[in-house]
Structure formats: structure tokens, C-alpha cells
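Let's take a walk through a protein together.

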Amino acid sequence: MSRPLAAFTVLAAFALAACGGGSGQTGEGGSTDQTPHKGGTLTMLSINQEFTDTDPQRVYSGEDTAFFSAYTTRSLTNYKISRDPKVATTLVPDMATDTGTALNGGKDWEFTLRDGMKWEDGSPVTCEDLKYGVSRTFATDTITNGPTYAIQYLDIPTAKDGSSVYKGPYVKGGNDTAAFDKAVVCQGQKITFHLNKAIGDFNYTVTLGFGAVPKSADTGDKYTQHIMSNGPYKIQEYTKGNQMVLVRNENWSPDVDDYRPAYPDRIVVKFGLDQSVIDQRIIADQGADQQAIMRERMLASDFATVFNDPRYAERRSKNFDPYVQYLVIDVTKVPDLKQRQAIAVALNREQLRKIRGGTFIGDLADGVIKPNLALDYAPSGMWDGAFGKKIADTGDPAYAKQLIQESGKPMPTITYSYGQSPDTDKSAASIKSSLEAAGISVKLKPIENGAYYGVIFNADRKTELMANGWGPDWPNASTIIAPLFTPNGGWDVGQLDDKAFNAKVDEALSETDRTKQAEMWKALNKEAMAQAWVIPTLFTNDLRASGSRVKSATGKNGTPYIGGAAGNWPYNDMYVVE
């Protein structure tokens, strides 16, 4: 799962929001100092001009998935809220009556929908709405940038070019709708998914990109401008660069949704603010800002102020999040292995960590699988000899020059794209300096953070080097290696299509012995790093703070925290003290 670039970041994956709390229960972190109650306005302050997406088939950053899952968009299953990361990856029913039934050795999955669910206009949420939502994923020229597990896993044949024979609901001629109808079957309130291979954790898959959409409301790529809600809130206002306002959805009922307590009366997201302004407003804790949270990680320059001072103990959160920060290389623009390795070798990773907050921000990374995914993690050896010698944390420009010489080709100019913020501007300057010390010419391309993914997923606007971040969509590296390094994975920013690697990924996906599968992911991670398809930089912590009147029903002493499956605020569990 991707992560907003200014917070890099996405991503794991890791996906969603909170398990509904009741009235004043004691959470596992300790009893709250206020009774959870309904009312008031929760405000979120963001540097973005807008959400990357609101469409249930396109939302894919961890923070956004958590936000909309808690407030507007239900899924068949969801994640329990907890400060304990092991508990936070526990599935609970959401739209479905249970967490699903695996049949035929895991090649078929059945879910039964709850009765009585409604859209914001009062019409019923049906099995056909869910099926239609899934069908939209196949319209890859219209529904872009979202998770593509439906395309990967549903038992639908492929055409000669490798694409699905089903092209989504917007294509009328030459489209095999029968193949989709055979793969996704509605019988009353029961929906059955027929898969092309056994997927033992498919009930995790349906937390992402499998949201319902009523066909009558669908406006294709414009649907994101006003989605239909089946959650406790609906969008009253959404203005780019200004704000989003969520108000209560009068057609939502807690009788058919025991997952969402829906505490605030309103949720307001303020867009387009400087992170320095956000930090200072939250630190000052005055007026309405006492009921506010910051969406992105605070600036590195404010870490010591907040995290070394006991006065902020009840308002701060520092967690080892699910994400890995990395730079991705477009292999169509830098196809030579030696030249890709030279970029990696030249990079001063320790300086990048210092810019982002030193030891506060986390550890230097050696791959895209993070140690907190313990079963699947092993050191990749990337910096310990995979490129021919051990590479210092500060980089080795002389050896980078040697690798370029060994390539026997002129090094292309490297344009580096990134989501812009004060911290990422500093990081970009460091990257430029590091690479130019190795004789590599660099141009910087800052992009407004909320628009970043829309740019780098446009084939005509990709550049040689791009910032990215990722975490698992659920606790399996299948949701890391496949999405990042295969063309059908949904997040292959570097345009990689290595046939041999693809075959190994397919083999690992089909492995039902989880221990054996873990060893396969370790090997594939090591291979990808040796190929320098990406350059991992940080295993990050997330550091944020909230206003003093924002509380969490299951937080320690009511303190909100960054955690959960996606490394996000516990939106579903947050309330405000008026």
C-alpha cells in the first residue's frame, strides 16, 4: 500500500481503520480519561491540495484507505483496532456477516452480506453493487492507480497480450462479460469469488479495491469527485485546495454496522497548509486546534521539541510504521544494471536519514520487506557485497564512477520526481548532490503532493528516478513483491516486466505452505535489490501529534496513536472532547 509522499511515506499495506468501540470501555492500552461520546467536529490539517483519490477502487494509500474506510466506504472485511500490531491485523466482519468461507481448497470464497445496509440516498446496498464495484477494477484505462488484486486473482482468461479478456463495465463491444459473470456470482445476499489459484488469505484481499459502487451513480473517472457513501458519514463539501466536510449520513444505521462507532458529528479536512504551520498550530494547542490532528508526519525540525518534552506525552505518537521508503528507477529509461547500481552506490543514505530526523525517523533500509514483517524478512545483503563490494552508508562516489565506466555506455541525465514538502525538498537536494559527486547529472522535479501519484503513473510523465514508499496490504510479502515488481501488480512504477522474475512471483503466490512461501519472498527481495530496481532508504517511524481534546477510545489514557494495520490514525475510534 502506498503512502503519501510528504509523509515518506505509502503504503502496506497494513490496511485499514478501527474496530468499533462502545461506551467508555477500557482499551488494552489503559483506561481512558474521558468517556467516548458522540458530538463535535474533528479537524484534520493537511499539506495536500486534495486526497489522492476517494474512489473505492482507486484509494490505495494507507492513510486514505483508513480514513475513508472509517467514514464513508465499507468493505466485506476489515481490521480490528488495537495498539498491538499483532491484534491490529486481525480480520473482523464489515459488510459481510463473517470473515468469509474458503471452498475448493481456497480457490473459491463465499461471503454473505448483511441485510439492511443503505446508500446515502436511502437505496439498498446490494450484492450487485458489490459485484459492479469489483468490475470497475478491470477498466484499467479509466480506473487507475488502485489495487488490482481482482485482475490478478479472479478466474478470468487473459488475451494474447496478457491483459484480461474482460475490460470492465464501460466497454460494450468485444468484451467478455460472461467471463466476469462466471468469476463473480451473486445469489441473493451471497457473493462468490472464483479464483485462478488457491489464495488462502483472500479474505484479506477484499479489504482493498473490492468496495461496492451503485451502477446508477457511477461516472467513471469522475466518480472520485463525489462518491456515494454507505458508511456513517457522507461528503457535504469537497473543494480542492480548501476543504472536505463530512456530515452524518442519515441513512446509515448502527443496527447493521457494529464496526463504526461514528463519534464526531462532523469531520473537516483542511487542505493546502504548510507543514510548519500545521506543526506549530498543533503544538500551540489553542482554540479549535485542540480538536485537530495532523495528517502527515511532522517536520524533522520539530521532532526534538515534541518527543523530548514530557508536556506532550499525552498528545504525541511515535511508531515503527509498516512502510519502507525507497527510490524507484524506471528501467525503460535506465535499462543498464551497472548504471542502476551506480545510482544506488552514489547515494548518501545516512545524510537522507539525518535530514528526515536522524534516529527519530528510523533505520537505514536494505530491501522492501521490513523487519516487522518477521516471517518474510531476511537481510538482503544489498549494501554488504551485492554490488561487488561493501557500500558505506554515506555512499561511494568513486565506486559509482567505476560502475558507470564498466557499463560502457554514457550515463543518462537523471530527473528525480518527488512529492514536495520542506523535508523532501532537502532530501532532493541531498540526492542531487550525492549523484553529481559521482558524475551523474541530475534534474529535480518537485510535484504537488496530492497530485504526485497521478503524475508518476502517467507513462508520458515518468522520470528516471522517483520517490516512493510501500507497506504490505496485509501481513504477507505477497502484497509487497508482486505489486512492486510485476506488471499486473498495480504499483509497478518502474515499468518492470522481467519474465523470469514474474514466473517466480507466480510460483510464490501459489505456494500454500506459508513457511516455504516466506523463504521465496526473501529470495525474491534479495534478487530485486541486487538488480537495483529500487533503492531502499529508510525503515521509518511515523511521528505525529494531536490536539489535547482529541481522544481515542482504546488509546493509552485516551491518547490517539499511529498504529493499526496501515500505520495510521485510529479514525474509527477517535472522538473529541467539547
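Is Arg58 buried or exposed? Arg58 is buried, because its relative accessible area is 12%, and the cut-off for buried is under 20%. Before we go further, keep in mind that this is a predicted model.

So what does a charged residue do in there? Side chains of opposite charge can pair when their charged atoms come close. Arg58 has a partner of this kind: its side chain meets that of Asp53 in a salt bridge, with 3.1 Å from N to O. Asp53 is tucked away as well, since 7% relative accessibility counts as buried.

Asp64 counts as buried at 2% relative accessibility, and Arg295 counts as buried at 4%.

Now for a salt bridge in another setting. Lys338 and Glu406 form one, with their closest N and O atoms 3.0 Å apart. Lys338 belongs to helix H8 (residues 337-346) and Glu406 to helix H10 (residues 397-407), so the pair ties together parts that are 68 residues apart in sequence. Here Lys338 is partly exposed, at 31% relative accessibility, and Glu406 is partly exposed too, with a relative accessible area of 42%. Salt bridges can also join up into a network, and you can find one that links Arg74, Asp94, Asp257 and Arg260.

Next, the sheet. Which strands form it, and in what order? Five strands make an open sheet that goes S8-S9-S10-S1-S11, with mixed pairing. Strand S8 (233-239) and S11 stand at the edges with a single partner strand each, so one side of each has no neighbour in the sheet. From one strand to the next, the twist averages 15 degrees. Zoom in on S8 and strand S9 (residues 243-248), and you'll see them pair in the antiparallel sense over six bridges. If you pick out Ile235, its bridge partner in S9 is Leu246. While you're here, look at how the side chains point: in a regular strand they alternate between the two faces of the sheet.

How many of the residues of H1 are buried? Ten of its ten residues are, so H1 counts as mostly covered under the buried cut-off of under 20%. Among them are Phe67, Phe68 and Tyr71, along with Gly62 and Ala66.

Let's move on to another pair of strands. Strand S14 (residues 414-419) and strand S15 (residues 442-447) pair in the parallel sense over six bridges, and Ser417 stands opposite Lys445 in S15. How does the chain get from S14 to S15? The chain crosses through helix H11 (residues 422-437), and this β-α-β crossover is right-handed.

Stay with H11 for a moment and find Asp423, which has its place in that helix. Asp423 counts as buried, at 8% relative accessibility. Leaving out residues up to four places away in sequence, Asp423 touches Met298, Leu299, Ala300, Ile355 and Arg356. For a sense of distance, find Gln187: its C-alpha atom is 52 Å from that of Asp423, and the two are 236 residues apart along the chain.

Our last stop is a link between two cysteines. The structure has one disulfide, formed by Cys127 and Cys186, whose sulfur atoms are 2.1 Å apart. Cys127 lies in helix H2 (residues 127-136) and Cys186 in strand S6 (residues 184-187), so the pair ties together parts that are 59 residues apart in sequence. The link is left-handed, with -90 degrees about the S-S bond. And Cys127, at 2% relative accessibility, counts as buried.

How values were computed. Residues numbered from 1 in each chain as written. Predicted model: local features only at pLDDT ≥ 70, side-chain atom pairs only at ≥ 80, totals over all residues. Heavy atoms only, no water. Disulfide = S-S within 2.5 Å. Helix = DSSP H or I, 4+ residues; strand = E, 2+ residues; numbered from the N terminus. Buried < 20%, exposed > 50% of the residue type's maximum accessible area, 1.4 Å probe, protein only. Salt bridge = Lys/Arg side-chain N within 4 Å of Asp/Glu carboxyl O. Pairing = 2+ DSSP bridges. Axes fitted to C-alpha atoms, helices over the stretch in contact; angles between N-to-C directions. Right-handed = clockwise from strand over helix to strand, strands pointing away. Contact = heavy atoms within 4.5 Å.
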